[in-house]
Amino acid sequence: MEQSPVTSRRAGQAVSVAAGRITSSAIRELLAVAGRPGVISLAGGLPSARHFPIDQTSAVVADLLLSDPDVLQYSSTEGDRGLRRWVAARHGAQVDQVLITHGSQQALDLIARVTLDAGDHVALADPGYIGAIQAMRLSGGHLVALPTDEAGLAVETLEEKLRQGLRPRLVYVVPNFHNPTGATLSASRTRLLARLADHYGFLIVEDDPYGEIRFSGTAPPALSTFTDRVLTVGTISKVLFPGLRLGWIVAPGPLAPTFALLKQAVDLHTATLTQKVALGLLTRPGFLARHLATLRSHYAAQAATLAEALTTELGDTLEMTPPTGGMFLWARVRSSGIDTHELLPRAIDQGVAYVPGSAFSVERPHPTYLRLSFATVTPRELVEGACRLAAVLADPKRSRPTWCRSTTNGPTSR
Ligand SMILES: Cc1ncc(COP(=O)(O)O)c(C=O)c1O
């Protein structure tokens with residue numbers, strides 16, 4: 001039989017070339033043990049479960065089951081009309097531009113599949129959001145790493161590369177409280193990026209899960225206010241709860257029907273019940289504003305506790321910007337010879353876990369960086385975690401754990 005010129009799949013190989021592009025991460029395996037008793041995990045990416053609106057959700061579900069038999073039925077691929085209207089109003093878009101997805105991760109996958117051919121360039125920040133890296137690679141995207149600083153993605157570097165001939169199909173940005181760096185794209189870079197998209201004809205993927213969790217400062221203007229070459233990706237995961245698996249794409253008008261066609265082939269539609277529950281919660285009089293205010297003040301207090309504890313325990317050893325939103329603190333270890341990836345097993349032995357910079361690598365390994373989440377653990381654990389981290393960094397070879405202030409004879413249990 002003639003060999004296909006477009007595939008490198010060998011006879012007998014069980015998985016496709018595309019599936020073979022998904023690699024398992026050593027860090028994932030290491031972090032699996034971070035959940036064991038006694039380890040304070042600052043590694044997780046989960047939102048605070050204490051703030052999930054359980055009572056309101058029960059009331060909405062009970063109401064729906066009694067009043068609307070369609071909640072258990074198949075529904076439309078584009079999504080619940082009421083929910084699409086809510087999303088459209090939030091983004092100043094038309095309802096027909098909105099596709100409801102199973103989380104924003106599915107939105108990223110659909111975008112990659114709709115827009116990319118194998119080898120197309122996708123420019124993004126390095127370090128980058130792991131889920132976006134995976135989705136773009138799975139669709140054959142060739143990633144172009146761009147630097148990032150306190151003002152977010154270095155759009156000037158992108159401009160330089162465009163001048164030199166780079167022609168990306170997509171530029172992926174997390175405009176507010178980037179995961180992992182926590183940086184927010186400045187207003188001037190936002191405008192420049194929009195101008196470049198219009199000039200060079202690429203699409204911008206604006207992925208904004210953390211914009212609602214801003215506890216100080218002002219948000220940059222939305223990219224879609226400057227150009228219509230934007231695919232806006234949103235999610236309810238950090239605002240309500242991620243178990244709903246509810247997100248959306250707001251696509252430029254001509255592209256929207258293609259997204260619906262693809263989604264139909266993938267999973268017919270997003271779960272009917274979850275969409276109705278989300279809409280019920282989001283439109284419950286007064287609920288959302290109150291809930292967001294509670295979330296913001298919780299995350300603000302947690303972020304301040306962690307930043308203060310790190311400053312107290314580590315002083316100049318750690319370079320960081322105290323977060324003004326989101327769920328993560330990104331820090332650089334100044335001590336020479338430290339590799340946060342290599343250090344992780346020892347840190348876990350010392351009862352504290354973080355995500356090393358290498359986990360977010362597009363091209364560069366970021367060996368001196370680590371991401372700490374302040375979302376889920378108690379304030380006491382944040383302080384204890386900072387103290388344990390300081391002990392590991394001060395003496396990376398230490399084999400016996402040093403339990404800090406809050407415990408006398410062992411690790412804090414979670
Ligand atoms: C930047 C970013 N985008 C997308 C997602 C995916 O969120 P979900 O699929 O729950 O909407 C996350 C999750 O942490 C994220 O940090």
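Reader: Which helix gives the most to the shell around the ligand?
Author: Quick caveat: this is a predicted model, with local features needing pLDDT of at least 70 and side-chain atom pairs pLDDT 80 or more, while totals for chains, interfaces and linings use all residues. Residues are numbered from 1 along each chain as its sequence is written, and side-chain values use heavy atoms, leaving out hydrogens and water. Helices here are DSSP runs of H or I, at least four residues, and strands are E runs of at least two, numbered from the N terminus. With 3 residues in the shell, the top contributor is helix α5 (residues 103-115).

Reader: How far is the polar side-chain atom of Thr 235 from an oxygen atom of the ligand?
Author: Polar contacts are N or O pairs within 3.5 Å; within protein, one atom must be able to donate a hydrogen and the other to accept it, and sequence neighbours count only if both atoms are side-chain atoms. For Thr 235, the distance is 2.6 Å.

Reader: Why is the pair of Trp 330 and Phe 360 edge-to-face?
Author: Rings of Phe, Tyr and Trp (its six-membered ring) pair if their centres lie within 6.5 Å; planes under 30 degrees apart are stacked, over 60 edge-to-face, the rest tilted. That rule gives 5 aromatic pairs. Here the centres are 5.8 Å apart, and the pair is edge-to-face because the planes are at 80°.
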